[in-house]
Amino acid sequence: MAAFRCGVRSLCPFLSSHRPVLSQLLRTMSIDVQPEPWPPVPAWGRKRWLQAWVRKERDLNRGKVPIEVPRSQKPNWDYDAELLAFTARLGEKDARQLLRLAFSKQCYSGNEGGELCLEGTQLLEEGERLAVAFLNRVIVESMPALPESALEALTEALLGEEALAKVARDLGMAELIVDAEFPVSKSTLRSAVFAVLGAIARSGGSERAELFVRDFVLPPLSWMDLFEVWSVEDPMAVLAQEMEKCGEAPPETRLTRQTGIHTLLPIYFVGIYSAGNLLAEAPGDGLFAAEEEAARTALRHLYGFTDNRRPLSFRPTTPYSLPTQLIEETTSQRSTA
Amino acid sequence: MTGRATASRFLQSVLHNGLGRYVCQLSRITLAFSKGSQTSRGVRDYVENHVVDFAKKHQGTVVYISPRRCHVPKVTAEYCTSVFTYSHHLLLFFQLAFHDAPRCYVLDQYKHLSHCFGHIVIQAYLIDQLQTRPSVNGGTKVVALNSKSAEEIAQVITLMANQSGLDVVRIRKPFHTEHPSIQGLWQPFVNKRSQLSPRIAEWKGAQ
């Protein structure tokens with residue numbers, strides 16, 4: 001009893017007077033190692049009369065790393081309730097049955113055979129197809145002059161592992177994915193997002209799925225720089241091609257400004273002209289660097305991918321499913337079950 | 001303490017929340033309280049009378065009600081956030097992990113709640129490690145509710161539901177933008193006539 005009561009009290013070494021008893025208890029029960037307190041104890045909290053104990057504890061636990069454990073293995077976890085809450089959070093109450101499938105990694109990683117696996121893979125493919133189609137449509141609508149390779153690069157960046165893993169984490173999907181591996185890998189998170197998209201498309205219609213992509217996957221496009229995701233070795237050649245396609249005069253470069261040319265940090269401004277009209281002007285620390293930068297700036301202007309472009313539209317706002325319907329559903333389900 | 005010494009962060013939102021649709025960041029709350037202790041009186045009152053209203057209003061949050069033997073009733077809020085900055089907080093609670101088989105029981109007086117909503121779960125486990133550090137899954141915040149009335153507890157829980165899960169520290173600027181300049185940043189050559197422009201004019205004239 002005494003041991004139980006000891007353990008129940010919050011362990012705060014500065015306040016509790018049962019520290020040696022507690023540590024002995026820990027050792028005998030071979031508990032997972034307590035992590036170092038974070039943030040580190042401030043100066044006024046380091047009591048002189050406590051240092052010996054702290055040092056001893058630290059020496060005992062040196063080299064041991066606290067074990068990170070998935071949320072589903074910690075107490076207070078009800079998968080059904082969590083899934084219900086997930087659907088309510090996103091407003092996709094229809095998708096609950098399919099989402100259960102979407103979150104089981106086995107279905108689309110190909111461990112199990114049979115129908116379940118097929119459906120999971122189908123969801124994945126549907127979701128991916130939908131996402132790519134939607135993004136292509138939106139980008140082409142806002143920037144029709146963009147070439148194919150740039151479009152592909154942008155879509156790939158938006159649907160890349162990093163981007164989609166972040167989306168999955170910030171929506172709380174990482175905890176719902178049923179996977180033996182922990183922490184869940186980025187590729188699994190990416191697949192989960194596509195599977196969820198597929199599930200939403202099947203149950204709520206492709207419109208709901210497109211709204212999902214618009215709300216969570218599309219926004220980074222607003223602050224993306226074209227040439228960060230689309231690698232172009234010779235922007236001048238690309239520019240010349242584009243001008244030819246438009247039927248305009250070929251680009252000519254002229255040095256417009258220069259300063260500090262005999263110092264360690266010269267700056268040259270190069271302007272690109274087409275039939276005497278300035279297309280773009282850009283600085284660089286060498287003539288060729290400046291010319292390349294000017295070509296890139298000209299391409300940005302041409303494709304409409306400047307910093308001051310019109311922002312993406314997020315209207316109409318996503319219609320939210322009525323919460324009251326969820327209550328009725330769950331009551332009826334629980335009473336029958 | 002000066003602003004420089006204490007933790008701070010920049011204004012940010014989790015996954016540009018609100019740009020498209022609003023997603024409540026609070027994924028679950030766990031109410032741990034005692035059946036008979038004086039300090040848990042307010043929490044018991046809250047659980048009996050107010051928690052169901054909260055759950056109705058926030059359908060995206062799972063409410064776990066965990067009656068157990070404890071001196072200090074707590075609410076633990078877990079968020080979807082994966083972004084986390086460290087702050088020096090006063091909530092440094094470590095609790096023991098006991099390796100007994102977890103006992104799971106539902107108290108008679110709270111049994112009615114389990115039939116109402118799918119997302120209120122009543123379980124009692126022996127206390128497990130509850131850390132306030134950020135973990136792989138998301139942010140966690142713990143608030144002690146000892147000797148608080150039901151109304152105060154409702155306020156605390158509503159506050160947690162409205163937060164994003166990001167640290168409550170000094171925000172360096174009350175604004176954030178990805179496009180700080182629309183017309184382009186000033187540099188010394190802006191609005192200065194080019195020294196080479198007469199040549200350009202000539203060339204244009206020749207054309």
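Student: What makes a run of residues a helix here, and where is the place of A298(A)?

Tutor: Helices are DSSP runs of H or I with at least four residues, strands are E runs of at least two, and both are numbered from the N terminus. A298(A) has its place in helix 15 of chain A. This is a predicted model: local features need pLDDT of at least 70, side-chain atom pairs count only at pLDDT 80 or more, and totals for chains, interfaces and linings use all residues. Residues are numbered from 1 along each chain as its sequence is written, chains are lettered from A, and side-chain values use heavy atoms, without hydrogens and water.

Student: Which residues is A298(A) in contact with, leaving aside neighbours within four places in sequence?

Tutor: Contact means heavy atoms within 4.5 Å. On those terms, A298(A) is in contact with L239(A) and A280(A).

Student: What makes helix 14 of chain A oblique to helix 15 of chain A?

Tutor: Axes are lines fitted to C-alpha atoms, for helices over the stretch in contact, and angles run from 0 to 180 degrees between N-to-C directions. The axes of helix 14 (residues 235-246) of chain A and helix 15 (residues 287-303) of chain A come within 8 Å and cross at roughly 40°. That makes helix 14 of chain A oblique to helix 15 of chain A. Angles under 35 degrees count as roughly parallel, over 145 as roughly antiparallel, 65 to 115 as roughly perpendicular and the rest as oblique.

Student: Which residues of helix 14 of chain A meet helix 15 of chain A?

Tutor: P235(A), M236(A), V238(A), L239(A) and E242(A) do. Their partners in helix 15 of chain A include A295(A), A298(A) and L302(A).

Student: What makes a nonpolar core, and which residues touch the most other members of the largest one?

Tutor: A nonpolar core is a set of buried Ala, Val, Leu, Ile, Met, Phe, Trp, Tyr and Cys residues joined through side-chain atoms within 4.5 Å. The largest has 84 residues; L99(A), F103(A), L171(A), M173(A), F212(A), L221(A) and L226(A) touch the most other members. Helix 11 of chain A gives the largest share of this core, 10 residues. M173(A) touches F86(A), F103(A), A168(A), V193(A), V196(A) and F212(A), not counting residues up to four places away in sequence.

Definitions and conventions
Buried < 20%, exposed > 50% of the residue type's maximum accessible area, 1.4 Å probe, protein only.
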